[in-house]
Amino acid sequence: MGKRRGARLPGRGLYEWVQALVCSVLTVVVLFTFAVRIIGVSGPSMKETLQNGDMLLVLDGWLCRGYGRGDIVILQKPGFHSGMPIVKRVIAAAGQTVDIDFDSGTVYLDGEALQEDYIREPTFLDEGLEFPLTVPAGCIFVMGDNRNESDDSRDPDLGPVDVRSVIGRAFLLALPGAAEETGRRDWSRIGMLNRED
């Protein structure tokens, strides 16, 4: 006598499909609540690396194990830019010394000129902070890639940023903003944001 196959209950396949869908949605909700955020870029301070309207995936600060030179971070400091989050690049970490020659537009880190292929133009804008400056413990020094149109750590109102003010590190350009010149999105820009991109 042949083996009997177990009878499949009506609706069992639908139940399993709904269960998988609910688990997937809950996973995404937990991920985007506690680990990853979506943050939009506003303004020209990170051109050409980032454009106005770009959407970034950002790893929450509590998951980042420190910030190093070249990291693109999102930070928020009460009283600076009306407390709105800003996107900048880490130039120096705690204990490192930053100096800027505003005549030549060169940034120095611990006495060595930085090779900054990602900047739009040399650093001529002096926002009032005195250099050389050694970054205090628990802080980072940040600048925009569009140096002459960026309010950043050169401004005494921001200065070196306490790492507790950092929301997180951007790791992926998820959606490109529309270019000002053409009004079109450059889909080839989607991808990982590496240090010193």
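**View 1. Strand 5 meets strand 8.** In this predicted model, Val-98 has Leu-133 of strand 8 as its bridge partner. Thr-97, for its part, stands opposite Thr-134 in strand 8. Strand 5, residues 97-101, and strand 8 are antiparallel and share 2 bridges; two strands count as paired if DSSP finds at least two bridges between them. Helices (H or I, at least four residues) and strands (E, at least two) are DSSP runs, numbered from the N terminus. This is a predicted model, where local features need pLDDT of at least 70 and side-chain atom pairs count only at pLDDT 80 or more, while totals for chains, interfaces and linings use all residues. Residues are numbered from 1 along each chain as its sequence is written, and side-chain values use heavy atoms, with hydrogens and water left out.

**View 2. The two faces of strand 5.** In a regular strand, side chains alternate between the two faces of the sheet. Here, Val-98 and Ile-100 make up the covered face of strand 5, with Thr-97, Asp-99 and Asp-101 on the uncovered one. Across the chain of 197 residues, 41% are buried (buried is under 20% relative accessible area, exposed is over 50%, and partly exposed is in between, with a 1.4 Å probe and protein chains only).

View 3. Strand 5 and strand 6 form a hairpin with 4 residues between them, and Gly-105 in the turn has a positive phi of about 80°. Strand 6 covers residues 106-109, runs antiparallel to strand 5 and is joined to it by 4 bridges. One of the facing residues is Val-107 in strand 6, with Ile-100 opposite. Step back, and 4 strands form an open antiparallel sheet in the order 7-6-5-8. Strand 7 (112-113) and strand 8 (133-134) are at the edges with a single partner strand each, so one side of each has no neighbour in the sheet.

**View 4. Phenylalanines together.** Phe-102, Phe-131 and Phe-141 form one aromatic cluster. The count of aromatic pairs comes to 2, where rings of Phe, Tyr and Trp (its six-membered ring) pair if their centres lie within 6.5 Å, and planes under 30 degrees apart count as stacked, over 60 as edge-to-face and the rest as tilted. Phe-131 and Phe-141 are edge-to-face, because their ring centres are 5.9 Å apart and their planes sit at 80°. Phe-131 is in the loop between strand 7 and strand 8 and Phe-141 is in strand 9 (residues 139-143), so the pair ties together parts 10 residues apart in sequence. Both Phe-131 and Phe-141 are buried.

**View 5. An arginine over a tyrosine.** Arg-89 lies over the face of Tyr-118, 3.9 Å from the ring centre. A charge sits over a ring if NZ of Lys or CZ of Arg is within 6 Å of the ring centre and within 35 degrees of the ring normal.

**View 6. The largest pocket.** About 330 Å³ of space lies in this pocket. A pocket is an open set of points on a 1 Å grid over the protein atoms alone, where a 1.4 Å probe fits, with protein on both sides within 12 Å along at least five of seven lines; lining residues have an atom within 4 Å of a point. Of the 17 lining residues, Ser-42, Ser-45, Pro-85, Ile-86 and Val-87 are closest to the centre. Strand 4 gives the most to the lining, with 3 residues.

Notes. Points joined across faces, edges and corners; volume = space filled by probe spheres on them.
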